[in-house]
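Me: I'd like to learn how to read a few backbone and packing features. Can you walk me through them?

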Amino acid sequence: MSRVISLVLTCLVFAAASSADAAPRRRVSHHKRSRATPAKLDAAAVNDPGLVALVGPGSRRAAVLRAQILLDRAHFSPGEIDGRWGTTLKNAILAFQASRGIAPSGVVDAETWKALDADGAEALVSVPLAPEDVSGPFVPIPEEMTEKAALPALGFASPLEGLAEKYHASPALLIELNPGSTFGEAGQTIVVPNVAVPPPGKAAKIVVSKSGHSVTALDAEARTVAWYPASSGSEHDPLPIGEWKIKGVSRNPEFHYNPTLFWDAKPGDEKARIAPGPNNPVGVAWIDLSKPHYGIHGTPEPSHIGRTESHGCIRMTNWSVWELQQMVSPGTPAVLEP
C-alpha cells in the first residue's frame, strides 16, 4: 500500500555534495549506443567456475563481473553491477570475508572464490524479455520538482533503465553484454546478471555505518546475513547517531516536497507532491525510523550510492531497500553509528 512521506530537512538527495552528485542521471539511448558498442565481456569466461584469478585493483573484467554477481547473490551487494573494480566492491568483499571467517584482505583470493562458488549458480544467464519489461509507459524524467509533480507516476524513462534496475546492473553493462539489442521487444533474449534470489530471512537488528557507507542486517546470533552500500548524512544534515527502532514500511511511497525545510532549495521552489515510482526521490520503499522524519529509502540514482551524501536519511539502491524492507518488522532495532 502506498503511503505519503512528508519530507522535512532530511530526505532529499544532496545535489551539491560533489560534481558527480550534481550531474543528472545518465539515461542511455540504447537505440544508438547498442549498435556501436563492441562486446568486451565473454559470458563463458564470466560463468567459468575455474576462474580463480585474484580480484583487486586492475583485475580482468570477467573476474570482477563474476565476483560482483556472486556477492550480490550472497546478499553482499557491490552496488550497481558494472564489471569494474571500486571501493564499494572492496567493501562488499571485506564484509563477505568477515561473515565467512576469511582473513579480511579486501580482494577475492582463492579462499574467497571457494566460498562464493559454493552457490553453484551461473553468474550470467539468458532471459527472454517479458511483456511488462517493454510495455511502459516510459517517460523522460525532468530535473525540476515542479515538473516532476506534473507526472502521474515516476516510472522508468526507458526499457533499458527498468531492466538495469531489475538485474542490479548499469545500463552500460547490459549494452555491452547485448550488442545490437534494442531492449524493446517482448520475447527477445538478452544476457543478464543472475541476481534473482529470495531475501535471506528476517533480520534481528540492522546497523547503519556512516564511515563504512553501509547498512548491515544481523540475525539473532549477531551474524551478518546481508550487507548493502548506503549514503547517509552530510555536513548540513548529520546522521542521527544512536539506537532507534523501525516503525514500519511504506512501499512505493509518495514524496511531499516542502522547500522551506531544505537549506539548498532553489529560489522560487514551491511545495510539490511527487507521485510514486522508481524515479521518485525516495525510490520504491521507505523504512520509517523512530527518530522523527528519518528513514531508510531507495533512490533514482543507483550509481551514486556510497559515493555521495544525503539530507540525513539513509539512501540505498532500489533493489537493496526492496530486499531489506522484506527482512524487517516494526520494532526491529536500528543502530546508527559514526
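Reply: Helices here are DSSP runs of H or I with at least four residues, strands are E runs of at least two, and both are numbered from the N terminus. Bear in mind that this is a predicted model. With that numbering, P137 sits in the loop between α7 (131-134) and α8 (145-149).

Me: What is the peptide bond from G136 to P137, cis or trans?

Reply: As a rule, most peptide bonds are trans. The one from G136 to P137 is cis, with omega near 10°.

Me: How do α4 and α6 cross?

Reply: Look at angle and handedness. The axes of α4 (residues 61-73) and α6 (residues 110-117) come within 10 Å and cross at roughly 50°, which makes the pair oblique. The crossing is left-handed. A63, R66, A67, L70 and L71 in α4 meet W113, L116 and D117 in α6; these contact residues split into six nonpolar, two charged and no polar.

Me: What is the strand order in the open sheet?

Reply: Its nine strands run β6-β5-β4-β14-β8-β11-β12-β13-β7, with mixed pairing. The edges are β6 (224-229) and β7 (231-232), each pairing on one side only. Inside, β8 (residues 242-251) and β14 (residues 333-337) pair antiparallel over four bridges, and K245 has P333 in β14 as its bridge partner.

Notes: Residues numbered from 1 in each chain as written. Predicted model: local features only at pLDDT ≥ 70, side-chain atom pairs only at ≥ 80, totals over all residues. Heavy atoms only, no water. Pairing = 2+ DSSP bridges. Axes fitted to C-alpha atoms, helices over the stretch in contact; angles between N-to-C directions. Parallel < 35°, antiparallel > 145°, perpendicular 65-115°, else oblique. Left-handed = near helix turned anticlockwise from the far one by under 90°. Contact = heavy atoms within 4.5 Å. Nonpolar A, V, L, I, M, F, W, Y, C, P; charged D, E, K, R; others polar.
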